[in-house]
Every structure is written in structure tokens, then in C-alpha cells.
Amino acid sequence: MWCLGIGIKRETHLNLKLKKTIKDRVHSFKKLVKTFDREKIAIFTVLLFLFSFYLLNNIVSLVDFKENQWTVTRLVPAAAPHRLGIDFYENYQYGKLVLDGKSPYSIGCIYPPFETVFFSPLALFPYETAYVLQVILLFIISLLCIYCSVEIGSHVFPGLNKNNASLQKPFVFLFSAFALISSYGFMFNLERGNYDLFALFFSVLFLLLIIKYPQSLWLQVIALSIAAHLKIYPAVLFVLLFWKHKQKALIPAAFVNVAFLFVLGPVCLAEFAKNMTKFAGNPYFWLGNHSAASFSRLLTDDLFFDFKSTKMLLTLTPLIVWMSGCVILLLRKFNPVNAVLFFCLSLPLMNLLPPVSHDYKLVLVGVPFTILFIGLLANFVVKAKNAALFELVLLLLIFGFTLRSWAATPLWFQNKYPLILALQILMYAIVLFPQGVFQLNKNVNFFDEHVKTSQKVILFFILPVLFFFATLVFIKLSTVIVTRDDRPQIEYVAKRTQIGLIKKQSRWMTNGCLLAEVNDRDLLVDIRFRNDSSEEKDAVTLAPVIFPDVFSMELLVKPAGQQSTFADIISNHPGFHWFEGLVIQQDGDNTNNFSFCFGTGTAWSRGVNFALEADKWNYVALNVEKNTVALYLNGQLMETLDAGGVLKNSGYPLDIGNWKDLTRPFSGLIREVRILNRLLTEAEMHGAWARVRKNFTDTADIVKPGQITAAEKMSGMVFLDVRTSLGLLRKGENVRAALLADINPEDLLMHAGFVEPLSGAKNTATVKSLVLSESFTVEVIVSPDLKQQSLANIISNHPGVNWYQGFTVQEDGTNTNTYAFFFGDGKDWSLPLKFTLEPGKWNYAAIEVQNDKMRLCLNGKFYDWLEAGRKYQNSDFPLDIGNWRSADRPFSGRIKEARISQGVLGDDVIVKTWEKIKSK
């Protein structure tokens, strides 16, 4: 016992000594921390961040280690290879319509009426000049946003004085401005020519006015209303306006916003609402869209959750965080600090809630970052809050990774939704636990007086965690419940695997296919339906398919007369890494005009466009040989083009009848789909089409292979002469009824006439590609309507497979019934020969091309001539009459005849033709 007592006493002594040692060391550490120069630590931390992330995001990101090269395209994913500033270009077109007194919503404008008026002055300049002006304005506006943010921070938070270099306005401004304008989001903004920065500027200007000039109610209302009518999402800041002014703000806000809404009249307002609703329903899911909807799609693709439930969770999460923060702030009295916290809490919501939030919206993060940056610096340097350094580093890390392009980031960190949500949660934590410069006056802090710190911890941690796990359980249950029992019965499925060919078939369907029989070893996918697949509920999903460099695809489809936007027949795009897989889908809202394209790993290929006849069976066949795509419709070759790259395989399943998230249903019937690991022969395609015509009586009126195509038949041609490599191919009847004067058949390349004068997109006539000499003549007899769509196309075969090829006769932009003829030489477009057609009357235009000279006769008289400055280069594209190849430039009016011939006609032939037309 004596020994045990000595041992216990010794152990107690050692414990007391150890505690004293730890206490002394902690005290020494605190003393050491106090001797640190906080300002030097802050400056070192900030500069380390700036240089590290600039090196990581703007230098290292340019290096493509797989290809062993540097490439700037890894930073900004260009929207289109042939249009700089695609978003601004659309805005520019809308502005031109506004200046001409026309409705911009007739061509699909999705911007608020005030916005189209606000930017319309730029449409007074040529497009290239206007785009340069837009870029300059974006630079200036971005610097003004940072300047206003610094002014707000210096006014609200103490500590910006001459004694603290790290809190000097120039230091903060230069740091924040450089971080913003060197970021991926800002460069993306410039590439698209988007204008989110304008909305951001007027939003932060509103905040500056409400803090520094609190009595300027009308100025605040006007600034905030401009922001909300440029982009809709700043409307959440009206809560801040009414929090400050209460009912006093009601009349000014109502007056200004009603005036902005009806600035173009009630008709345009109704059209805007319709277009915007349709646009919001197509979120454009990809890695560069960081909205809750897009991130939900990416998450469900990888984890196989139910999309709708996941979307609800990821949409509600930032909304609940925002609403919780708002409630806490509104319980407190309005003051500048609370106003700033509300503003910073709202900007992440503006990024995540709208279904379309492409990464150019990341510029919005620059303002809350700058304001929080000032507050946390003041907390650490002036208020000596050590925790502020941790918060500052966390803020810098979040902001730094939002500056990085998704294209040069590992898969799980590419989408910016988690980063922006993390920024919002950091803001929420500052609202819930204010310290230092964020600390509020206890006399007016109702929330902090009645809610204890322990209760705040529960509010911040436990409730969100419970909400998150409850929603996960709901998602799992939804995933289990969702079945495909209501999908169509598949009569026959064959799919090639790495082991061999797996077949599932009914007793009677083995030999019941309409497509020609092929050897099993050539088969990748063969699927047939007992009840033809139709509508959203009938979408079929197969396992992922690996396509070789050479393959073919056949489809037997019968589309309905109406389709949803981007109606999808078959696809496995965009893949886990974007720009992967293939798709056959409708060209936007152009009903039953479809396009086939695929991803090359870095971009989408050039699309093959074709029209399907509604309520009739169409046989579509595609031969893909590396970068070459050939399209056959009902057994006839329609187009061959260079896609610009080779298919990059996708890990996505193959969907038939809809897209992967069931938002693009094909309306109609799908009878068979087959994919082969080789090219189809013309004999196989002719045989398949013959079997289709034999089995389906509603195709009996379509002409046989070898005669005119279905598209030519659909346009109602009464006669068609086309020169081929074998000679002159003549089809149809009533050739003598032509109004155009007779010429030597040897000179004729194409002559088309119509039973009823051709008019509109649905009646577009498509003719095989033509080979023109350096001297040729284009003649058309047309009667245009009073109104035309922008770039309305009368006849064309441009731009060709390799661009800058072929010719066109189309409207000069939005200059109604002023048309232009021009052609490509393989490097650029010629100068346009412009002329005006009289609406409601028949006009006869004859355009002669001889080497590099163009000459126009209108209604039998000489009109104008022009030196084109280049020579014509032929196009492999088919010749389209009444519309462009993408079916988005329909000519409104009537086309009676169109003819193309070799050589120049001469004035006598042209005068004779016009006399004949007048007599009829």
C-alpha cells in the first residue's frame, strides 16, 4: 500500500507538471502570435494566392499534356467556330429589329423588352465594330463593379486607413480587379459577348446608393430596375429595397418596372413571356452550366439517382440557405452591414437558381468576394480576430477555383455548383455568427438577443444535415420506384458485346424485320418494336455502345406533325466529359427538320441536316467513315460532308425516342433502329426502302429510287431538269409550261418549276449538288411577301463542306426584301450584289457571273454590276430553294421557277423571258 501511495502521488505530480508545461507553451504561443505583424501575414497570404492561382489557372491550364502542346482553347469553350461573340450577335440582331420598328421576338428573342432597347444603339454600327465596343464596355464595367465594391467595403467596414497598407483602397482594388479580369469566367464573357456584367454593375450601384445615399429612393429604384430588366435574377434584391423603404418604395418600383415591361408594347411583352418560358425549359446540360438543374443532371449520370428528385434537392438547398439567412437578417434592424450581408448572400443564389447559368456568369462572384475580402482583412488586421485568417484563406480558395476553366480541371471538380454553394454557406456562417466588423449593435439585434450560440450551432449544422439525408432517402426511394414497365415491348434486340452477339427475340419476329438482313458479325445494335415506340413514356434505354471508326446507322421513323424542342430520335451524347457520343435530334423548334452530329472530344462536329415528312414512314441511313458522313433519305443520297473530326465514344447509354433526361421526346413512331460496324451499300439501302414501301401502304405515293427525291416530291415540282455526270436527267411533266425562255439543253444545269408556287420552310425544295463553271447564270421568278424573316433565303448551296463555298440569294440581314447575291472562293465571301424586290408582285431576277464579275438584270432591264474580287468555288452541298439548309431562313412569298445555266444569257434572252412572264 505504501508503494502504491508513492506511485499515485508521483503520477499526480507528473500530470500537474505536464499541465503546467502545456499551459506555459500555449501562453508562449499566444505571446508569439501577438508579436506577428498581422499586416505582413495578410499581404503574404493574398499575394501567394494571387500568384499561385494565376499560374495554375492561366498558365498551367494552357498545357495539354496528352497532346504535348499548348492550346488556349482549353480555357474557353467557344460556342461556334464561325461566329465570334455568339450571344452578342443575337442581341445585335434583335437591336437592328428594334431600330427598324420590328418585333425582336418574331425570331425567338429571349431577352426582356427593356434589354433589347438598352443595347439597340450598338446596332447602329457594323457588327465587327459593335463587338469591339461591347468588349471595351465589358472591361470598363468590370472595373466599375470592383470600384463600387471597394467603395462599399470602405464605407461599411472600419480599418481602411493610411496605417494599414493591406486595407488601402488601391491595394484591394488592384488585387480584386486583376483576379476578375484574368479569370476564365471573364474571358468566357468576352468570347460570348454576354452582358451579365451590366446587370451586376447596376445591382452593385443600387447597393452603393442605398448605403451611401439612403434618401435617393428614385435613383435606387431605377438602378435596381435596370439590373432586373437586363437579367431577371437581380429581382431578388427588391427584398432589400422594401426592407429599407417599406411601403414608400411601392409606387416608384411599380411605375418604373411597368414602364420597362411595356417599353415595346403589350404584344412584345406577351411574346417575351412565351419565348422565355420555352428557353427556361431547356437548361442546356453541360459541365459549363453550373446551375442546380445542370449539376443535377451530371450527378445523376454518374451516381444513377433519380434526376427529378436530385434536381429538387440541389435547387432547394441554396434557396433554403438564402431564405434562412434572409429571415435572420430581417429580424435585425436595417443597417449598412446587414444590407451588405444580404447582398452577398443573394449573389450565389443568382448563379445557382436559374436553369441556364453558363460559366460566364461566374463574374458575378467578383463583387461578394471583394466585399467579404475587405471585411475579413479588417477582422484579421484591425480587430485581431485569428479565425478571420482561416475564413480569408477559405474565401481565397473558393474564389480561386471558380476562376479556373472546367476544360482543364479533373472530372469531379469541373462544375462550379459546389464552389458557389460553398461561398453561399460561408456567407450564411458569417450572417449567423457575426464577429468583428460584422458584429452588430446588441440593442437592435433582436435575433442575437433571443437565440443562444448553441441554438445557432444546431440551426447551422443539424438542420441542414437532417434535410440533406432525408432528401437522399427520398431520392433512393424514387429511384427504386421509377421503373420502365410502361415502355414498349421489344420484339427483337441484338447487341454486340466484347464476348459475342446477345440476342433476345420473340417467336415470330426473327424474320419480320423490314430492314435488309445482314450478317450477325456486322451487327452492333438491332432493335425492333412490337408496338411502335412513341412519345416520352416509350423511350428505350440500351447499354452503352462502342462505335468503331467506320459504322452505319438505319432508322425507320414516322414523325408526327408537331414536335417538342430538340426532339430526340436516338442519342448517347454529351458523355461524361462532354463533346462525346452522337445524336439525331430536331434542329431546335424547326419542326421535323433533324440533324445528325457527334462529339470529337473537344467540339461538336458539323451537322448533317435533313427534313422528315410528317405522318409518313421515312427511311434514314447514315454512313460514317471517320470524319466523312453520308446521309441517305428513302434510298437516295442527300448529302456528303466532312464532319471536321472523328467520333469520340461516350460512356452514356444509348437512348431511343428521347434524350437521357426525358425532356426531348420524339413525337411519332419508331419502327426499327439498326447500327452496323461497316458501311451500307446503295443496293442494301434501295432494298430496305423497297421492303418499307411494300409493307406500309402510306408510302406508296412516294416515287421509286432513281427518280426525284422525297424532298423534291414534297415541294410539288411540276418539272425538274438536273444535269448529272451522265447527262441531262429530266423528270416530271408540263416542261413546255415554263415561263423562262428556252435555251440550249447543253447549257442547262438545273431547271425547277412548281405546281403551286413554292412558299415557306415546310415546302423547301432540295436538289442534288451542282458543279458550276466560272461563267454561269441564276434566274428566279419570285413574289415576296411584305414581311420576311432575317436572312430569308431564295436559293443557295452555301457555305459548303469546307466553308466559303457555293452561292446564295438571300435577304440582306433584316433589310426586308432587299436581297444580296454573293459566293465563296474557298477563303472568303465575295462582295454582295444587292437589289430590292417589290412585295406582292412577280419579280424576275437574272444574275450572271463571269469570272470575278457579277451582273444583275431585274424585270428585263439592267440593274447593277459588281466586281466580286474573287472567283467562284463549287460546293458539295445540295441546292436548296425557298429556305437554307438548316431550315431556319424561310422565304416568305412564292417562287414560281428557278434555273441555273452555264454561261451568260445575253440581254435578248432576258428581255424575251420578261415579256413572256408579263404576258402570263
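**Close-up views of a predicted model**

Residues are numbered from 1 along each chain as its sequence is written, and side-chain values use heavy atoms, with hydrogens and water left out.

**View 1**
Cys857 is another buried cysteine, with a relative accessible area of 2%. If you are looking for disulfides (pairs of cysteine sulfur atoms within 2.5 Å), a search of the whole structure finds 0. Zooming out, 55% of the 920 residues of the protein chain count as buried. The chain holds 23 helices and 30 strands; these are DSSP runs, numbered from the N terminus, with helices being H or I of at least four residues and strands E of at least two. Take contacts (heavy atoms within 4.5 Å) between residues at least 6 apart in sequence: 71% of them join residues at least 24 apart.

**View 2. Helix α15 against helix α16.**
Here helix α15 (residues 336-352) meets helix α16 (residues 366-381), with axes that come within 9 Å and cross at roughly 140 degrees. Axes are lines fitted to C-alpha atoms, for helices over the stretch in contact, and angles run from 0 to 180 degrees between N-to-C directions. The two helices are therefore oblique to each other; angles under 35 degrees count as roughly parallel, over 145 as roughly antiparallel, 65 to 115 as roughly perpendicular and the rest as oblique. From α15, the contact uses Val340, Phe343, Cys344 and Leu347, and from α16 it uses Val367, Pro368 and Ile371. By class, these residues are 7 nonpolar, no polar and no charged. Nonpolar covers Ala, Val, Leu, Ile, Met, Phe, Trp, Tyr, Cys and Pro; charged covers Asp, Glu, Lys and Arg; the others, Gly among them, are polar.

**View 3. Helix α15 against helix α8.**
Turn now to helix α8 (residues 196-212), whose axis comes within 10 Å of that of α15 and crosses it at roughly 165 degrees. The pair is therefore roughly antiparallel. Leu200, Ser203, Val204, Leu207 and Ile211 of α8 face Pro336, Ala339, Val340, Phe343 and Leu347 of α15 in this contact. The tally is 9 nonpolar, 1 polar and no charged residues.

**View 4. Helix α5 beside helix α8.**
Helix α5 (residues 127-156) and α8 have axes that come within 9 Å and cross at roughly 25 degrees. That angle makes α5 roughly parallel to α8. Their contact has 16 nonpolar, 4 polar and 2 charged residues.

**View 5. Asn338 in helix α15.**
Asn338 lies in helix α15 and is buried, at 0% relative accessibility. Between Asn338 and Leu240 there are 9.7 Å in space, C-alpha to C-alpha, although they are 98 residues apart in sequence.

**View 6. His573 in its loop.**
His573 sits in the loop between β8 (568-571) and β9 (582-586). With a relative accessible area of 8%, His573 is buried. Leaving aside neighbours within four places in sequence, its contacts include Asp568, Glu580, Trp604, Tyr652, Trp659, Lys660 and Arg664.

Notes. This is a predicted model: local features need pLDDT of at least 70, side-chain atom pairs count only at pLDDT 80 or more; totals for chains, interfaces and linings use all residues. Buried means under 20% relative accessible area, exposed over 50%, partly exposed in between (1.4 Å probe, protein chains only).
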